[in-house]
Amino acid sequence: MSDDNELVQQRRANLEQIRALGIEIYPRTFARTDTIEALAAAHGERTHDELEALKPDTVTCGRILAIRSFGKANFLVLTDGRARIQAYIRKDALSEQDFALFKLLDFGDFVGVAGRVFRTKTNELTIWASRLSFLAKCLRPLPEKWHGLQDVEIRYRQRYLDLIVNPDSRRVFEVRSKVLASIRRFLDGRGFLEVETPMMQAMAGGALARPFKTHHNALDIDLYLRIAPELYLKRLTVGGMERVYEINRNFRNEGISTQHNPEFTMLEFYQAYCDYQDLMDTTEQLIACAAREAIGQETCTFNGNEISLAAPFRRVKLREAAALAAAEKLGEPVTEEDLRDRARATAVARRLGLEVTPGVGAGKVATGIFEALCEGTLVQPTFVYDFPTEVSPLSKQRPDDPDTVERFEMYIGAFEVANAFSELNDPAEQRRRFEAQLADRQRGDEEAHGMDEDYIRALEFGMPPTGGEGIGIDRLVMVLTGSPSIRDVILFPQMRPQADAL
């Protein structure tokens, strides 16, 4: 029998002895007057003499982080996940039943304590316990308290355990919550309406990605988990909702990495009568506001780099950035015009050692060069704008350059955090773009966009000039909290099932 099993058996035996004392082992409620965090805030700065004069009484509760015994003096260290406090346990201050309960407690149990707040001789804020209540038994031993939980596999699979023993993990998710609240306040204050769109869709649209497929038995149709809510949100713009947003869950049947999870959270918002240049200004304001409200400042540290989220952000054209990087890498001139010509762009890519898929145009080649050479260098917030039309089937073309669309991606920390464009609202051009995507699909591109006849029908009713944007919430939280992996900012990331859990 393993040591762990022996410890579990001992804890179960302690639980049965608590039951034998006549104590309810799974009580339904507990009436506390203060949280531990509130006690620390109210009395943390008070001296021994001030507390002796006030003699504040409290009833609080929390999880046991430590049990210490020094003869007649015993101590429990309790936490509510945000703060800690000691409870001073003396046999002569408790009922016989309560002191018997204390002897059966284990590290990790939940208890309630009533008593007076004071400071010990070592100046520790402490509750002199007059009553002890049992609230729940921790039947499995927690990781050793001094070392915490370092095994990332266990941290992600058993997030509840990670949250118990690693306070930094809880802080990450508190920042995440503040980011979401800040975004809602920002957009609500500017007249945006929060909406909800379908998560199961008859056609996977709004992005170039491979979807998850399911089947609806009653309707006998295949459905797809959404890869983006974009086409539904733009239908609302057609319907007269000039400013809408959704904080949504998207699903993409793709690889898992430090930057990708098959299920992720995205903010998408659409604003009538504006274009992608307007959205750059809005994005700078939104990101800075979220940083101030979530972490209290406009600077953060990510991957060892101090990042400033204060406006203005750097702005650079995609082909310009790709040409400069290619020229520097090859030690020979490369121009934007080279990257507009398929043969010359392909030659540049191959000299750089990049693969070029047969049949793709110059736009995809130029984008591939940019992704290979430039993305990893964009640590400070940067808008990369004016994308090739070929890789942007839902974006409006520049009036002076039909090979280029009014689109930007925003990079922070060397990866994409946002994607936005002036929305294509010409139904004839949208149909042509969808047809081009269908041709890509026939050539084997599983991420190519399908033909959405209802969306084209909606555009035929008229969509005003509109700008739309998606911001990756998970990646933004990674940057703000300095988290190296997307799994650190998703409470329950997708993982391969364990053999013992099947």
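Where is the place of Arg433? Arg433 sits in helix α13, which covers residues 427–442. The structure described here is a predicted model.

**Arg433 and its surroundings**

With a relative accessible area of 4%, Arg433 is buried. Its side chain takes part in a polar contact of 2.7 Å with the side chain of Glu429. A polar atom of the Arg433 side chain also lies 2.8 Å from the backbone oxygen of Ser395. Leaving aside residues up to four places away in sequence, Arg433 touches Thr389, Ser392, Pro393, Leu394, Ser395, Lys396, Gln397, Val405 and Leu424.

**Helix α4**

Helix α4 spans residues 96–103, and its buried residues are Asp98, Phe99, Leu101 and Phe102. Viewed down the axis of α4, these buried residues fall within an arc of 150 degrees, so they line one face of the helix. Glu96 and Lys103, on the other side of α4, are exposed.

Three strands form an open sheet in the order β7-β9-β8, with antiparallel pairing. Its edge strands are β7 (200–201) and β8 (213–216), each of which pairs on one side only. Strand β9 comprises residues 221–225 and is joined to β8 by four bridges, the two running antiparallel. Within this pairing, Thr214 has Leu223 of β9 as its bridge partner, and Lys213 has Tyr224 of β9. The hairpin of β8 and β9 has four residues between the strands, and Asp220 takes a positive phi near 55 degrees there.

**Cysteines**

How many disulfides does the structure hold? The number is zero.

| Cysteine | Closest cysteine sulfur | Distance | Relative accessible area |
|---|---|---|---|
| Cys138 | Cys61 | 16 Å | 11% |
| Cys274 | Cys289 | 18 Å | 8% |

The cut-off for a disulfide is a pair of cysteine sulfur atoms within 2.5 Å. Cys138 counts as buried at 11% relative accessibility. Cys274 is in no disulfide either, with the nearest cysteine sulfur, in Cys289, 18 Å away. Cys274 is buried too, at a relative accessible area of 8%.

Technical notes:
Residues numbered from 1 in each chain as written. Predicted model: local features only at pLDDT ≥ 70, side-chain atom pairs only at ≥ 80, totals over all residues. Heavy atoms only, no water. Buried < 20%, exposed > 50% of the residue type's maximum accessible area, 1.4 Å probe, protein only. Arc of directions from axis to C-beta. Polar contact = N/O pair within 3.5 Å; in protein donor to acceptor, adjacent residues only side chain to side chain. Contact = heavy atoms within 4.5 Å. Pairing = 2+ DSSP bridges.
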